[in-house]
Amino acid sequence: MTLVEAAARADELAQAGDERSVAALRVQWDEEIEAAARDADYRVRAQGYRAIAQFRFRQKLELLRRGLEDESAGARGSALLALRALSADHPGDVNAFRPLLNELAARDPNDAVRRLAIFTLQNGTADRGTIQLLQGVAEDDEADREVREAARKVSAALVKKSRTK
């Protein structure tokens, strides 16, 4: 079984609520996930970052930080997808990465990475600085249209979230 296959299996088990089996797979594949996330090939690194989310491997969040800082847009995107998935029920994960996510949302050279960072910020708490940053991105005529729309949607959602508390 490859890492990709094991990660898909872990995801199936997690969705079925079989945490014991997922934990057993985590133990079995721990070193392979680490090795993949540190591989010289960006495609392998991207698989490693995706696997972290599929295995629900919360202990590997710091490894995702490397992914968010990766030279490859594909690896950064995979790390963002993983963080977004892991933070859906844990806003503290986004809060812990907020400065880096804000930077990616505002300045990453890849528009797809910018959009993913923006959508990941939606899983965090309603931070005033982030809302202001997203409103600025939404009003930036030089930014990609889809980036501006994502920023507009997420800033509105965060404003709404701040008012419901």
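**View 1. Helices α4 and α6 come within 11 Å of each other, computed between their axes, in this predicted model**. Helix α4 (residues 61–68) and helix α6 (residues 91–107) cross at roughly 5°, where axes are lines fitted to C-alpha atoms over the stretch in contact and angles run from 0 to 180 degrees between N-to-C directions. The two helices are therefore roughly parallel to each other, a term used for angles under 35 degrees.

**View 2. Residues of α4 and α6 form the contact between the two helices**. Helix α4 contributes Leu61, Glu62, Arg65 and Leu68, while α6 contributes Asp93, Ala96, Phe97, Leu100, Leu101 and Leu104; contact here means heavy atoms within 4.5 Å. By class, this contact has 7 nonpolar residues and 3 charged ones, with no polar residues; Ala, Leu and Phe are among those counted as nonpolar, and Asp, Glu, Lys and Arg count as charged.

**View 3. The whole protein has 9 helices and 0 strands**. Helices are DSSP runs (H or I) of at least four residues, and strands (E) of at least two, numbered from the N terminus. The C-alpha atoms fill a box of roughly 50 × 35 × 20 Å along the principal axes. Residues 24 or more positions apart account for 63% of the contacts with a separation of 6 or more.

**View 4. Of the 165 residues of the protein, 45% count as buried**. Buried means under 20% relative accessible area with a 1.4 Å probe, protein chains only. The protein exposes about 8,700 Å², of which carbon and sulfur atoms supply 46%.

Residues are numbered from 1 along each chain as its sequence is written. In this predicted model, local features need pLDDT of at least 70, side-chain atom pairs count only at pLDDT 80 or more, totals for chains, interfaces and linings use all residues, and side-chain values use heavy atoms, leaving out hydrogens and water.

How values were computed. Parallel < 35°, antiparallel > 145°, perpendicular 65-115°, else oblique. Buried < 20%, exposed > 50% of the residue type's maximum accessible area, 1.4 Å probe, protein only. Areas by Shrake-Rupley, 256 points an atom, 1.4 Å probe, with all protein chains shown as cover.
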